[in-house]
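Please look over the sequence and the structure shown here before reading the briefing. It is meant to be read slowly, with the structure open beside the text.

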Amino acid sequence: MKRSRRAVVLGTLAALALGATACGSSGDNPLGGGSSATTSATGSGGSGGSGSTVVVGSANFPENVLLGSIYSQALKAKGVKVEEKFNIGSREVLYGQLQSGNLTVLPEYNGSLLAYLDAKTTAVTTQDVNAALTKTLPATLGILDSSPAEDKDSLSVSQETADKYGLKSIADLAAKAGELTIGGPPEFKSRREQQLKDVYGLTFKEWKPTGDATANALKDGSVQVGNVFTTDPKIVQYKLVPLADPKDIFGAQNVTPLVNKAGVDATATAALNAVSAKLDTAGLTTLMKRVSVDKEDPSTVAKDWLKSNGLG
């Protein structure tokens, strides 16, 4: 299920807890199922809403735990009382806990959340996805500012391939695709081949099912183009180049705080929005390298990022 969450964006697996994106990077599906574990920590001072404690949750994969720790520590830095409940499990469980008020804040992925709530959605841009979410979410829940950071599908190439063919966007592949082999999960061809032809005019020489080894296949040259997810730390480790997607075939997957409105006040809202303003995809990918490749503790990585951005 590791990368099946992007399929949810397509609507084909919308009933499942997501599962796209972040392979060697994020570990498992964003908000995919699994065992649960809980940790807690409390900051001093104020509160997130009417004197209550803000409970920050996360799904059970490394990227979401890291994001939860960033949210938690950013709130505590502003004097908000915080409890952490990380590694809980699937979106079905998390969403219900947020609705009930057992959780107050959750790091979400806006496109995947919308697909979970509305399998027929056609929204793809950040603005359209968030507008649709605002209409679709129950009155008790809301989204705060989305960050530029996205954990989503990409077509990526090695730096050598980018330089050789002058590649900056997917559109640049049109003249050269017939010479190139593309790799990705086994289902990527059936889901995307026709769309890449129709939208970008791409007909590749060969499609190879490379699965979780796609980044490695790009590194060793057995494929020249690969479906690598944008926060996979191998992008940094192997110096890969995710190509821009000017026609938005891969819908928005911005990291976005989902909140129980009754539990967050102006202080908490401002703290979380400040995080979103600073968090981008390149930065999150670098953080995930520290967590997934270098095996550093997510709370330490979160603390360092907040301090370096003047938020901790």
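This is a predicted model: local features need pLDDT of at least 70, side-chain atom pairs count only at pLDDT 80 or more; totals for chains, interfaces and linings use all residues.

**Nonpolar cores**

- The largest nonpolar core has 51 residues, and among these Leu66 and Leu75 are the ones that touch the most other members.
- Helix α2, which runs over residues 62-77, gives the most to this core, with seven residues.
- When neighbours within four places in sequence are left aside, leucine 75 is in contact with Val54, Val56, Val80 and Val82, and also with Ala268, Ala271 and Leu272.
- There is also a second, separate core of 21 residues, and its members include Ala162, Leu196, Phe204 and Phe250.

- Helix α5 covers residues 126-136, and its buried residues are Val129, Asn130, Ala132 and Leu133.
- An α-helix has 3.6 residues a turn, so residues three or four places apart point the same way.
- The face of α5 that is turned away from the buried side carries the exposed residues Gln127, Thr134 and Lys135.
- Among the elements that cover the buried residues of α5 are α4 (110-117) and β4 (141-143).

**The second largest pocket**

- The second largest pocket has a volume of about 210 Å³, and 13 residues line it.
- Of the lining residues, Ser158, Glu160, Thr161, Leu218 and Gly221 lie nearest the centre of this pocket.
- Two elements, α6 (159-165) and α8 (214-220), are those that give two or more residues to the lining, and α6 gives the most, with five residues.
- In kind, the lining residues of the second largest pocket divide into five nonpolar, five polar and three charged.

**Residues in the loop between β9 and β10**

- Phenylalanine 250 is found in the loop between β9 and β10, and at 3% relative accessibility this residue counts as buried, because buried means under 20%.
- Not counting residues up to four places away in sequence, phenylalanine 250 touches Lys152, Asp153, Ser154, Leu155, Ile170, Phe188, Arg192 and Asp245.
- Phenylalanine 250 and glycine 111 are 139 residues apart along the chain, while their C-alpha atoms are separated by 9.8 Å.
- Glycine 251 is found in the loop between β9 (240-242) and β10 (255-260), and this glycine is buried, with a relative accessible area of 10%.
- Beyond the residues up to four places away in sequence, glycine 251 touches Val124, Glu150 and Lys152.
- Glycine 251 and valine 129 are 122 residues apart in sequence, and from C-alpha to C-alpha they are 8.7 Å apart in space.

**Positive phi angles**

- Most residues other than glycine have a negative phi.
- Aspartate 248 is not a glycine, although it has a positive phi of about 55°; its place is in the loop between β9 and β10, where aspartate 248 is partly exposed, with a relative accessible area of 31%.
- Lysine 295 likewise is not a glycine and has a positive phi of about 60°.
- The place of lysine 295 is in the loop between α11 (281-293) and α12 (298-308), and at 64% relative accessibility lysine 295 counts as exposed.

Key. Residues are numbered from 1 along each chain as its sequence is written. Side-chain values use heavy atoms; hydrogens and water are left out. A nonpolar core is a set of buried Ala, Val, Leu, Ile, Met, Phe, Trp, Tyr and Cys residues joined through side-chain atoms within 4.5 Å. Buried means under 20% relative accessible area, exposed over 50%, partly exposed in between (1.4 Å probe, protein chains only). Helices (H or I, at least four residues) and strands (E, at least two) are DSSP runs, numbered from the N terminus. Contact means heavy atoms within 4.5 Å. On a 1 Å grid over the protein atoms alone, a cavity is a set of points where a 1.4 Å probe fits but cannot get out, and a pocket is an open set with protein on both sides within 12 Å along at least five of seven lines; lining residues have an atom within 4 Å of a point. Grid points are joined across faces, edges and corners, and a volume is the space filled by probe spheres set on the points. Ala, Val, Leu, Ile, Met, Phe, Trp, Tyr, Cys and Pro count as nonpolar, Asp, Glu, Lys and Arg as charged, and the others, Gly among them, as polar.
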